[in-house]
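Hi,

Here is the structure I promised to pass on. Please open it first, then read my notes below.

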Amino acid sequence: MEERKMMSLYGDMYRQGLSSRFVRQGMIGITYRLEKNKKYFIKCYAHEHQLRVLELGSSLGEMRQLIMESIGKDVIREWICSEHSPEAVAFLRERGIAAEQIDAQQIPFPDNSFDIVCCFDVMHHVADPKKMAQEMLRVSKKHFFLCESNGLSLVRKIGEMPASARAIGERSYTPGTYRSFFTSPELDWIRIHPFAFLSVPKIPKPLVPLNAFISEIGERIPLLRWQGQSLLLYGQKKVTAE
């Protein structure tokens, strides 16, 4: 019942062409949070060539657009978006973007289909995040990359309390819990870093630069930085000789 209600809420947003990130976070989600996600992705993979990427939970394709505009087709040969919501898939396809309707917990692709499997604020919404993690490992040839909600952040946990946040599946896990989702003999290594120390949802647009400035300072303070509202998780599978 809760999952159907959540799907309905997201479907309503996507039918109107509304980014779920913008609805939840306002301008800071678009001008600061997504830019941080892009920065980390590019830092990890800008040296690669001709990658085939699967993005889980693409919303309206904002991350694909930002990254492709920055590093282009020399690095990324193909980027396939996916969404559980048929409304989002329809929106993406109407704009000529390759998109599939996919449950991230049951990815309908063969093993080792993609060079990178990534998602941005998706895993904390699904019913079985460990199953999603195992699926990400299965269909990836090597890399996986996630930006997720930090369950250590007091600001984040407070933001999950309202009924409106619970209705769209807002919850978070600690770094150790996320790491446990990726327990597998196939895993070579995984790294986790906190970021977005302070990101005030729906903050007025003129105050976004000040908020971002304070957030960047907070990220540089040892121990305190683990109060960051987001986590970068990235790693790779063991590579076997073919």
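**What I found**

Of the protein's 242 residues, 55% count as buried. Keep in mind that this is a predicted model.

Start with the whole protein. It has 10 helices and 7 strands. Its radius of gyration is 17 Å, close to the 18 Å that the globule rule gives for 242 residues, so the protein is as compact as a globular protein of that length. Along the principal axes, the C-alpha atoms fill a box of roughly 50 × 40 × 35 Å.

Next, the contacts. Take those with a separation of 6 or more: 76% of them join residues 24 or more positions apart.

Then the surface. The accessible area is about 11600 Å². Carbon and sulfur atoms account for 58% of that area.

Now zoom in on one helix, α4. It covers residues 62-75, which makes 14 residues. From first C-alpha to last, α4 reaches 18 Å, close to the 20 Å expected at 1.5 Å a residue. Where does α4 bend? Look at Glu69: the bend there is about 70°.

Which residues of α4 are buried? They are Glu62, Met63, Leu66, Ile67, Met68, Ile71, Gly72 and Val75. When you look at their spacing, remember one rule. An α-helix has 3.6 residues a turn, so residues three or four places apart point the same way.

What do the buried residues of α4 pack against? Two helices are on the list, α2 (20-25) and α3 (27-45). The strands are β1 (51-56), β2 (76-83) and β4 (114-120).

Best wishes

Conventions
Residues are numbered from 1 along each chain as its sequence is written. This is a predicted model: local features need pLDDT of at least 70, side-chain atom pairs count only at pLDDT 80 or more; totals for chains, interfaces and linings use all residues. Side-chain values use heavy atoms; hydrogens and water are left out. Helices (H or I, at least four residues) and strands (E, at least two) are DSSP runs, numbered from the N terminus. The expected span of a helix is 1.5 Å times one less than its number of residues. The bend at a residue is the angle between axes fitted to the seven residues ending there and the seven starting there. Buried means under 20% relative accessible area, exposed over 50%, partly exposed in between (1.4 Å probe, protein chains only). Contact means heavy atoms within 4.5 Å. The radius of gyration is taken over C-alpha atoms; the globule rule is 2.2 Å times the number of residues to the power 0.38. Accessible areas come from the Shrake-Rupley method with a 1.4 Å probe; for residues, only the protein chains shown count as cover.
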